[in-house]
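Welcome! Here is a short tour for anyone meeting this structure for the first time. Have a look at the model, then read on.

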Amino acid sequence: MPVGTPVREEVEVADGVIAVVNGDGSAGLSNSVLLLGEPTTVIDTMLLPEMAADIVTALTRRGRAAELVVNTHIHTDHIGGNRLFEGVPIVAHPRTVTGMRKMIGEPGLPALLAKVMPRFATRLADWDSVAAEPMPAIGIEGALPDTARVLEFTDTHSAADLAVWLPAEQVLVTGDLCFAGVTPLAVHGRIGRWRTALDQLIALRPEVVLPGHGRPTGIEALRALADYFDRVLAAARLAHAERLSAETVWARFDPGPAAGWLEPERTLVNIQVALAEISGQPFQGEHRVRQDQDPSHSD
């Protein structure tokens, strides 16, 4: 394992449901989930093939091989290991796939990723991946092991996000709709719609939540994230009402239970996104933040 690569840990949260937890969940360190039903399914493949190799190892140790890969959304830290699963069906929401096909192979993408995730800069110089095939949420649900449900959200964390609900196990796989102990990033999403999505996830009353970043947790992580976004939206409304800059309200921001989360500087970007929504300003693509603050295609 290259120096500086975080340790990945396998956590079996229910019979046949395994989280492959990638380090502390900070920038570039997303998790994967393995469903050992029929078919054997991998949900998200991390940033780099060397990370995804641990997914393959976890399956091999259990006498399994991937039969289906689901990408929950477009960001590179969730699709970078797709190449290790060539020959296996890889599927994602049609909006996600449209974005993937445009993004993969962009000449400037590796340099941008290295700027956003400097700890991995030397391994991002030739970043590449394999785009998924488009499949509507209902089709993905039908392809997953029995009883799994797929929940579809658009313009939340990204253009399209999928969550997988396992009602028999009371386990919710959220992708990046939930971060645990890590400040979320809405640079490609919309705060208001993400906040509404959280209410729908909370209403499921999951016993175990498998976040896109951070350790397996419970429903309290969804509630804490909802509280955080309520505070972000309140800060943006204040900025709009009093004609204050996002930077001004960020300086006064009270994170509440989110105090101590990793990547706290993301709150400024989240306030900017929320302020753009409230102001009715057009987004630049899926977002409206300055290019020098745009952590494009990650988290």
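This is a predicted model: local features need pLDDT of at least 70, side-chain atom pairs count only at pLDDT 80 or more; totals for chains, interfaces and linings use all residues.

**Two residues in loops**
- Met46 sits in the loop that links β4 (41-43) to α1 (49-61).
- From Met46 to Asp77 is 31 residues in sequence, yet their C-alpha atoms are 4.9 Å apart in space.
- Gly256 belongs to another loop, the one between α8 (246-251) and α9.
- Along the chain, Gly256 and Ala224 are 32 residues apart, and 8.9 Å separates their C-alpha atoms.

**Helix α7 with helix α9**
- Helix α7 covers residues 219-242 and helix α9 covers residues 266-279; they pack at an angle of about 60 degrees, with their axes 8 Å apart.
- That angle is why α7 is described as oblique to α9.
- The crossing of these two helices, α7 and α9, is right-handed.
- On the α7 side, the residues that meet α9 include Tyr228, Val232, Leu233 and His240; among their partners in α9 are Thr267, Asn270, Ile271 and Leu275.
- Sorted by class, the contact of α7 with α9 has ten nonpolar, four polar and one charged residues.

**Helix α6 with helix α7**
- Helix α6 (residues 191-202) also packs with α7: their axes come within 10 Å and cross at roughly 155 degrees.
- So α6 is roughly antiparallel to α7, since angles over 145 degrees are given that description.
- The crossing of α6 with α7 is left-handed.
- In α6, Ile191, Trp194, Arg195 and Leu198 are among the residues in this contact, while α7 contributes residues including Ile219, Leu222, Phe229 and Asp230.
- The contact of α6 with α7 divides into twelve nonpolar, one polar and three charged residues.
- Val232 and Leu233 of α7 take part in the contact with α6, and Val232 and Leu233 also meet α9.

**Confidence in the model**

Key
Residues are numbered from 1 along each chain as its sequence is written. Side-chain values use heavy atoms; hydrogens and water are left out. Axes are lines fitted to C-alpha atoms, for helices over the stretch in contact, and angles run from 0 to 180 degrees between N-to-C directions. Helices (H or I, at least four residues) and strands (E, at least two) are DSSP runs, numbered from the N terminus. Angles under 35 degrees count as roughly parallel, over 145 as roughly antiparallel, 65 to 115 as roughly perpendicular and the rest as oblique. A crossing is left-handed if the near helix is turned anticlockwise from the far one by less than a right angle, and right-handed if clockwise. Contact means heavy atoms within 4.5 Å. Ala, Val, Leu, Ile, Met, Phe, Trp, Tyr, Cys and Pro count as nonpolar, Asp, Glu, Lys and Arg as charged, and the others, Gly among them, as polar.
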